[in-house]
Amino acid sequence: MNTVQTAIEWKKYICRACGLIYDEAIGDPDSGLVAGTRFEDIPDDWECPLCGVTKLDFEPYVAVDYTQATTESGTFLKNSAEQVIIIGAGLAGWSAAEHLRRLDSNTPITIISACEANIYHKPELSIAFSRQRSLDQLIKESAPEKAKRLNVQLVTECFVTGINTQAKMIRTTRGMFAYHKLILAQGAQSFLPEPFSPKVCWRINNLAHWEALAAQLKPESTIALVGAGMIGCELAEDLASSGYRVHLIERNAYPLSTLLPTCAGQKLINEHEKIGIQFYGNCQVEKIEAQGSLKRLHLADGQILTVDFIIVSLGLKTDGRLAKQANLAFENGYLVNSATLQTSQPDIYALGDCISLNGLPCRFIEPIAKQAQAIAHHILGKDHAGYQHRAPLIKLKTKTVSIEIQGSPKAELAWESIEDRTGLLHMRQSQQQTITAEFKMAQK
């Protein structure tokens, strides 16, 4: 008696938030879903292992043949093995494209972006509420217009799922792309440790996040902002200046604790209080409960805060999936050559928030143009001194006081007072008679 074995048809589903693909044939063993778990059998409370959204944010994934793919404007995509491909269309990705075009008008360039790729100034998001910026005002140039101006191919709403470094091919949700040189500009994402969840918490790390929150905020909303680093302090002041009641929660004793001397941190708390920001220092959130539209934060000291919105700003983390899959050296970001910005694969470069230099992330705006310039010269074989990293000047967009930090403050070094008078505080750190960090705070 002959038996016919029918191949099992396994389906795939893609996360609309981050592009992760759930393959029924593989499952998600780390989350307890064994290989062969059908998507419909996944518990409703299962979360995307990368970004934390639920299965409701997944949709059936159908691979698109690259030869049939089109750009946003509907033009046919060329697939040249001589092209430079840039993954990411934030400031770093567009800067790389601009510097390549300044040096060469003919090299084919393709930008692959998971979002619409419109051009905006990301730091402006932390001051946009009080300045009453609209989405149209935040967008400086549309992506199709900039792509046309730079003569680059733009592929939007496309997630990169793998890199074959030997074949020099990129696997994406819109097919395969060949590359001659590859530039990684994928940035870094706000991360949500326990007990925070994307179901009840917001992150303001891109234009889409800002737009979604702006659409839901109502006059006199109460907001818990967790994390008093640079972005957290800027957002807290922006929201408080816009009429919202803000609770700023920080696990350390004062805001900007890794950058400021203690006395400056206390001064900042006092200035925050004047505009209605309530600060909770040395404080941890232990549990969050959702009660309809309200959220209850249980703090470690027993306090309970009831708010309309929770915004989390606890730092950035670069997704290491591509690095692991492509066997690229990775430590808090792609490890790159400090001069050429090449990764451990010579034909792959990286810049911006997604890189690390000697294991330390490089997440500032100022160095990006210099990094892009160094990469463009190296790819095109043109003379250049190479990227030379220096600690950038940090200038916070705070409204209560002006804060500038130069150098790299170290917790183990004492701060020396240079000037301390009404309206001005000037301090510095030194090591072996060399100034390593300098700080200025001035009232506006």
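Helices (H or I, at least four residues) and strands (E, at least two) are DSSP runs, numbered from the N terminus. The model is predicted: local features need pLDDT of at least 70, side-chain atom pairs count only at pLDDT 80 or more, and totals for chains, interfaces and linings use all residues. Residues are numbered from 1 along each chain as its sequence is written, and side-chain values use heavy atoms, with hydrogens and water left out.

**View A. The loop between strand 29 (424–431) and strand 30 (434–443) holds Gln433.** Phi of Gln433 is near 65°, a positive value in a residue other than glycine. Because its relative accessibility is 82%, Gln433 counts as exposed (exposed is over 50% relative accessible area, buried under 20%, partly exposed in between; 1.4 Å probe, protein chains only).

**View B. Leu341 lies in the loop between strand 22 (334–335) and strand 23.** Its phi, also positive, is near 65°. Leu341 has 0% relative accessibility and therefore counts as buried.

**View C. A cis peptide bond runs from Glu194 to Pro195.** Omega is near 5°. Pro195 is found in the loop between strand 13 (189–190) and helix 4 (207–216). Most peptide bonds are trans.

**View D. Helix 8 covers residues 368–379.** Buried residues of helix 8 include Ile368, Ala372 and Ile375. Just after helix 8, Gly381 takes a positive phi of about 70°.

Methods. The expected span of a helix is 1.5 Å times one less than its number of residues.
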